[in-house]
Amino acid sequence: MPYELFIGLRYLRAKRREAFISLITIISTLGIAIGVTALDITLAVMTGFERDLRARILAFNPHVSVWSQLGTMTDPDAVVAAARALPEVASAEPFVYGQLMLSTPDQFAGVLVRGIPPSAAANPDLVSRLRVGRVDDLGRGVAVPVRGGQGGATAQLPGIILGGELAKKLKVQVGESVQVAAAPSAGGGVPRLRSFAVVGEFESGMPEYDAGLAYVALGDAQRLYDLDGAVTGVELKLRDLYAADRVARQLGESLGLGFRVRDWMQANQNLFAALQLQKTVYAIVLLFIVLVAAFTVLATLIMVVMEKRKDIAILKSMGATARSIGRIFILKGMIIGVVGTGLGTLGGWLGCWLLQNYEFVELPKDVFFVNTVPVAVYPPYFVAVVVATLVICLLATLYPARQAAALAPVDVIRYE
């Protein structure tokens with residue numbers, strides 16, 4: 001063991017008359033540990049919120065979408081074939097997107113409607129969010145009792161899937177009918193009226209989706225908007241959602257002019273940028289806790305240097321260099337920083353584990369889209385916190401170490 005490290009460890013064990021310095025050392029260590037713990041847990045919670053929000057958004061939105069610059073896409077098969085030729089693409093399906101009015105005898109609501117292939121295999125994310133019903137029922141005629149009819153008369157109606165909050169607002173259940181009014185895609189004209197049977201309800205956990213989104217079969221949406229086989233665009237699901245920007249760029253180059261390709265990061269750029277900014281601000285604010293603890297390390301080392309003036313003079317008289325004297329106090333401060341950072345990292349991991357497994361912090365569902373605090377432990381963030389904390393502690397040791405290294409033994413002998 002280098003003698004600088006040995007002496008630095010000895011200085012951590014204070015004598016009785018140095019008990020106050022020892023107490024400040026313990027407080028400094030605990031301050032660093034608390035700061036690291038708070039920073040780790042905050043970053044994990046913010047990452048969990050971001051991950052959960054991203055999962056909920058991407059469950060109802062494509063990773064990459066292709067739109068025609070002319071409004072509607074008359075040849076979606078060519079775009080689908082070009083997309084499926086890329087190895088990163090897991091699926092590519094045409095869709096119709098538009099606005100319509102839903103009404104029942106008692107209620108009405110304006111919603112966004114998506115026309116999708118009526119297949120569970122083509123819509124696994126929607127299937128996972130269904131509270132009741134099946135996606136396959138969209139493409140089948142459903143027998144629904146006729147309102148005001150006699151003798152149990154029924155009508156075969158196409159299916160529609162509503163968000164849970166939307167179904168509550170319209171006061172309809174699975175098996176009942178709703179009236180749909182949609183303007184023709186060309187604009188103007190008389191709105192097309194048609195009845196649909198509710199075949200399912202989904203729950204996304206996001207109020208704007210649950211109260212304002214509906215799904216119908218692709219063919220029914222084309223007839224509703226009089227598209228004559230055209231579609232609004234093509235949506236892609238990727239094997240790796242973080243490859244969306246690269247896939248969008250490649251697909252845009254292969255399709256050429258006349259198409260607009262957009263990935264999920266571009267579509268939600270403002271939202272995720274705001275979340276990232278919020279996470280950064282929280283990290284900077286909480287890093288000040290570590291900075292305050294580092295000032296106590298600085299104060300502790302300054303007092304130790306003042307207390308150990310005789311020891312420093314003796315060491316220099318025995319041949320210790322100024323660099324070795326400075327290294328003693330740097331090592332002492334870094335030992336405090338390493339111990340505090342280790343305890344804080346352990347505390348942060350333990351806090352994240354408790355939040356993940358016991359969910360003892362409940363959130364109001366009418367305010368947040370989750371019932372409990374979501375936590376995502378991202379190891380690079382833990383590493384970044386450790387590095388930042390150790391750098392701050394190292395900087396805090398430089399001034400006391402410099403003062404100790406500059407101490408002249410003659411001055412100590414003369415005055416003490």
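Helix α10 passes helix α12 in a right-handed crossing, where right-handed means that the near helix is turned clockwise from the far one by less than a right angle. In this predicted model, local features need pLDDT of at least 70 and side-chain atom pairs count only at pLDDT 80 or more, whereas totals for chains, interfaces and linings use all residues. Residues are numbered from 1 along each chain as its sequence is written, and side-chain values use heavy atoms, with hydrogens and water left out.

The axes of α10 (residues 269-307) and α12 (residues 322-358) come within 11 Å and cross at roughly 145 degrees; these axes are lines fitted to C-alpha atoms over the stretch in contact, with angles running from 0 to 180 degrees between N-to-C directions. Helices are DSSP runs (H or I, at least four residues), as are strands (E, at least two), numbered from the N terminus. Val 297, Leu 301, Val 304 and Val 305 of α10 make the contact with Phe 329, Lys 332, Gly 333 and Ile 336 of α12, contact being heavy atoms within 4.5 Å. By class, this contact has six nonpolar, one polar and one charged residues, with Ala, Val, Leu, Ile, Met, Phe, Trp, Tyr, Cys and Pro counted as nonpolar, Asp, Glu, Lys and Arg as charged, and the others, Gly among them, as polar.

Volumes are the space filled by probe spheres set on the points, which are joined across faces, edges and corners. There are two cavities of 30 Å³ or more.

| Space | Volume | Lining |
|---|---|---|
| Largest pocket | about 360 Å³ | 21 residues |
| Largest cavity | about 190 Å³ | 17 residues |

Asn 61, Pro 62, Tyr 97, Arg 114 and Arg 262 lie nearest the centre of the largest pocket, whose lining divides into twelve nonpolar, five polar and four charged residues. For the largest cavity, the residues nearest the centre are Ala 59, Ala 122, Asn 123, Glu 235 and Lys 237, and β2, β3, α4 (124-129) and β11 (233-238) give two or more residues to its lining.

The structure holds eleven salt bridges, each a side-chain nitrogen of Lys or Arg within 4 Å of a carboxyl oxygen of Asp or Glu. One of them joins Glu 88 and Arg 246 at 2.7 Å, N to O, linking the loop between α3 (76-84) and β2 to helix α8 (residues 244-255) across 158 residues.

Technical notes
On a 1 Å grid over the protein atoms alone, a cavity is a set of points where a 1.4 Å probe fits but cannot get out, and a pocket is an open set with protein on both sides within 12 Å along at least five of seven lines; lining residues have an atom within 4 Å of a point.
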